[in-house]
Amino acid sequence: MSERVYNFNPGPATLPVSALEQAQKELLNYKGTGMSVMEISHRSKQFEEIILGAESLLKELLQIPENYRVLFIGMGATGQFDMIPMNYMVDGKIGNYVVTGSFANKAYKEAVKVGEANLAASTKELNFARVANPDEIQLSDKPAYLHITTNNTIFGTQWKVFPDTGDVPLIADMSSDILSKKIDVSKFALIYAGAQKNLGPAGAAVVIIRDDMIEKSNQNLPTMLKYDTYAKNDSLYNTPASFTIYMIKLMLEWVKSEGGLDVIEKRNEDKAKLIYDTIDSSNGFYKGHAEEGSRSLMNITFKLSNEDLDKEFIAEAAKIGLAGLKGHREVGGIRASIYNAMPVEGCQKLADFMKEFQAKHA
Ligand SMILES: *Cc1c(COP(=O)(O)O)cnc(C)c1O
């Protein structure tokens with residue numbers, strides 16, 4: 001490919017061209033330091049501006065209340081699968097999990113290793129074709145928290161309404177839909193996301209955490225596993241993934257310059273509609289995996305009538321610059337990941353291609 005393609009990869013995923021260009025422009029000499037961001041001290045005033053700037057931009061865009069902090073932690077979202085039960089499944093309290101997909105199940109399995117965890121609901125029997133209904137969720141006694149996965153990246157489902165847990169802390173893995181729409185952050189005690197889907201490149205998990213959850217950090221844990229270590233030190237207890245955090249800031253600036261979450265949310269709805277409408281009007285040529293009420297606006301999963309046709313679809317699409325459409329091995333078929341940085345034009349081109357492919361093969 002001599003030009004950039006439309007990149008439908010699930011993560012690491014496509015980034016806004018303007019953010020990449022900004023990084024390119026500043027790559028050799030960041031703001032007159034004579035050094036790259038990769039080369040400056042994480043204790044320098046330039047980097048302090050970057051990390052605090054990223055925090056305040058995210059707070060502004062998501063309208064995060066005053067009593068929350070934004071932390072940058074290593075080990076990706078998967079590291080949070082361990083930190084959450086280690087910090088909060090203490091004093092006989094039980095971690096509650098809703099398993100609506102592969103990552104949700106991984107989170108639950110880690111909690112089982114740490115202590116007592118309760119499977120509060122699961123849609124495994126439906127091959128994760130939908131998320132759980134609120135009335136299916138059964139909390140344990142002495143619940144430490146309820147953990148949900150707001151967007152199931154592999155199966156292509158997404159929660160439309162979040163469960164109301166009252167005083168029980170609601171914790172959410174939002175790796176694949178954070179910042180894709182407005183949410184009421186005050187419903188959540190802790191939100192986390194691996195950066196490489198909707199926030200920037202790989203290397204950091206972004207954690208939005210309420211003050212009381214910072215205070216409740218388990219003090220018997222090693223330093224790097226306690227949330228309060230990151231909060232007290234502005235995520236600079238050790239050297240953070242500085243270039244990743246810089247790219248996150250550029251990506252957040254891009255979201256703001258596009259008009260913020262009002263514009264992004266509407267655009268994401270329009271983008272997904274282009275593809276779902278094509279599936280729905282294909283007379284069964286394309287079969288969606290997710291039930292209609294749970295359809296993800298970020299990851300669209302579908303199949304053709306057989307695996308050979310799936311393969312041909314993916315290969316033909318790649319030839320015209322539609323890359324990364326292969327479904328995850330657990331579901332098969334096609335997956336179009338259309339995070340914030342995927343332009344409308346990419347979705348339109350995919351929808352047009354789907355119609356042409358059907359006309360040739362139906
Ligand atoms: C990608 C993903 C993860 C894993 O993220 P890592 O940063 O690779 O650890 C976890 N949860 C969800 C929902 C994801 O989409």
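Visitor: Where is D234 found in this model?

Guide: D234 is found in the loop between α6 (227–232) and α7 (242–258). Please note that the model is a predicted one.

Visitor: Is D234 buried, partly exposed or exposed?

Guide: Buried means under 20% relative accessible area and exposed means over 50%, with partly exposed in between. D234 has 32% relative accessibility, so it counts as partly exposed.

Visitor: Which lysine has a positive phi, and where does it lie?

Guide: The residue is K31, whose phi is near 45°. K31 lies in the loop between α1 and α2 (45–62). Its relative accessible area is 52%, so K31 is exposed.

Visitor: Which residues are joined by a cis peptide bond?

Guide: The bond joins G11 and P12, and its omega is about -5°. P12 lies in the loop between β1 (6–7) and α1 (17–25).

Visitor: Let us turn to the strands. How many residues of β10 are buried?

Guide: Strand β10 spans residues 205–210, and six of its six residues are buried.

Visitor: Which way do the residues of β10 point?

Guide: A strand can be read by the direction in which each residue points. In β10, A205, V207 and I209 point one way, while V206, I208 and R210 point the other way. Both sets are buried, R210 included.

Visitor: Which strands pair with β10, and in what sense?

Guide: Pairing is read from the bridges between two strands. Strand β2 (residues 68–73) is joined to β10 by six bridges, and the two run antiparallel. Strand β9 (residues 190–194) also pairs with β10 in the antiparallel sense, over five bridges.

Visitor: Which residues of β10 stand opposite R69 and I191?

Guide: R69 stands opposite I209 in β10, and I191 stands opposite I208 in β10.

Visitor: What is the strand order of the open sheet of three strands?

Guide: The order is β11-β12-β14, and the pairing is antiparallel. β11 (287–288) and β14 (334–337) stand at the edges with a single partner strand each, so one side of each has no neighbour in the sheet.

Visitor: Which residues make the nonpolar surface patch, and what is its area?

Guide: L27, L28 and M38 make this patch, which covers about 320 Å². L27 is placed in the loop between α1 and α2, the loop in which K31 also lies. At 33% relative accessibility, L27 counts as partly exposed, whereas K31 is exposed.

Notes
Residues numbered from 1 in each chain as written. Predicted model: local features only at pLDDT ≥ 70, side-chain atom pairs only at ≥ 80, totals over all residues. Heavy atoms only, no water. Pairing = 2+ DSSP bridges. Helix = DSSP H or I, 4+ residues; strand = E, 2+ residues; numbered from the N terminus. Buried < 20%, exposed > 50% of the residue type's maximum accessible area, 1.4 Å probe, protein only. Patch = residues over 30% accessible without salt bridge, like charges linked within 9 Å, V, L, I, M, F, W, Y side chains within 5 Å. Areas by Shrake-Rupley, 256 points an atom, 1.4 Å probe, with all protein chains shown as cover. Salt bridge = Lys/Arg side-chain N within 4 Å of Asp/Glu carboxyl O.
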